[in-house]
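Visitor: Can you walk me through this one? I'd like the overall layout before any single residues.

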Amino acid sequence: PTTSDNLEIRAYPFVQTSETAEVIQKQRDYLIDTNNNLYDFHPQLFSVVNLDAKVTNLLGKEASLSSFIILLFALSAAFTQSMVMRQQMPSNKSKNKKSFKDLMKEAAEGKQPDQSELNTMMTGQMSKIMPIMMLFIMIPLPGALVFYYLLINLINAVQQKIIFKKDEEEMEISADKAVIKELNKIQEAE
């Protein structure tokens, strides 16, 4: 290769960088221009609650009724999430429920912990921690997102309640059929 070819190969990344910088500058100018002329949209709930407001406004001079209502939405969303989490937890009504400390003692003795006990324990911990964590995540968010999260949790809770009720009814019917089948076998044997 000649010296001019060598220079072109070495200069190519600088040309690309320069072109990229020009594109970024044009996009930046466009964004600055459109940022000043954004839409004039302010979401409201029942023409009372400004869904642009944030819970963090309660701490500053911008405290309003909307901020307080959004705080109530955030608390309600955290509560409904804990309800949903509890609905999803397996029902472990056994009296010998082990704590994390007991499981670790058994592991130290060389005994392999039961996976279902570990899963139940972890799910229980998550059902306690997750709503608190989501509450702190929702505090700086605009009210519209908090309201959306609350509605989704409420819909999810109702949906799960309906589905679990149908499953319970189907299980009872299946159990009744099994009992009737066993009774028929016993009667035939007599």
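**Layout, surface and helix packing**

Guide: Along the sequence, the protein runs α-β-β-α-α-α-α. That comes to 5 helices and 2 strands, where helices (H or I, at least four residues) and strands (E, at least two) are DSSP runs numbered from the N terminus. This is a predicted model, in which local features need pLDDT of at least 70 and side-chain atom pairs count only at pLDDT 80 or more, while totals for chains, interfaces and linings use all residues. Residues are numbered from 1 along each chain as its sequence is written, and side-chain values use heavy atoms, with hydrogens and water left out.

Visitor: How much of the protein counts as buried?

Guide: Of its 190 residues, 20% do. Buried means under 20% relative accessible area, exposed means over 50%, and partly exposed is in between (1.4 Å probe, protein chains only).

Visitor: And what does the accessible surface come to?

Guide: About 15100 Å², with 62% of that belonging to carbon and sulfur atoms. Accessible areas come from the Shrake-Rupley method with a 1.4 Å probe, and for residues only the protein chains shown count as cover.

Visitor: Which residues form the nonpolar patch on the surface?

Guide: Phe46, Val48, Leu65, Phe68, Leu72 and Leu75, with about 640 Å² of accessible area together. Patches are made of residues with over 30% relative accessible area and no salt bridge; like charges are joined within 9 Å, and nonpolar side chains (Val, Leu, Ile, Met, Phe, Trp, Tyr) within 5 Å. A salt bridge is a side-chain nitrogen of Lys or Arg within 4 Å of a carboxyl oxygen of Asp or Glu.

Visitor: Where is Leu72, then?

Guide: In helix α2, residues 65–88. Leu72 counts as partly exposed because its relative accessibility is 40%.

Visitor: Switching to charge. Which residues make up the negative patch?

Guide: Asp167, Glu168, Glu169, Glu170, Glu172 and Asp176. Asp and Glu count as negative and Lys and Arg as positive, with His and the chain ends not counted. The place of a charge is taken as NZ of Lys, CZ of Arg, CG of Asp or CD of Glu.

Visitor: Is Asp167 buried, partly exposed or exposed?

Guide: Partly exposed, because its relative accessible area is 35%. Asp167 is found in helix α5, residues 143–189.

Visitor: Staying in that helix, what does Asn153 touch?

Guide: Asn153 lies in helix α5 and, leaving aside neighbours within four places in sequence, is in contact with Ala77, Thr80, Gln81 and Val84. Contact means heavy atoms within 4.5 Å. At 7% relative accessibility, Asn153 counts as buried.

Visitor: And how far apart are Asn156 and Val84?

Guide: In space, 7.1 Å from C-alpha to C-alpha; in sequence, 72 residues. Asn156 is also found in helix α5 and is partly exposed, with a relative accessible area of 25%.

Visitor: What about Ala144 and Asp52?

Guide: They are 92 residues apart in sequence, with their C-alpha atoms 6.7 Å apart. Ala144 is found in helix α5, and at 31% relative accessible area Ala144 is partly exposed.

Visitor: Now helix α4. Why does Ser127 count as buried?

Guide: Because its relative accessibility is 10%. Ser127 is found in helix α4, residues 115–138. Not counting residues up to four places away in sequence, Ser127 touches Ser82, Met85 and Met89. Between Ser127 and Arg86 the C-alpha to C-alpha distance is 6.6 Å, across 41 residues of sequence.

Visitor: For the whole protein, how many contacts join residues at least 24 apart?

Guide: 60% of the contacts between residues at least 6 apart in sequence.
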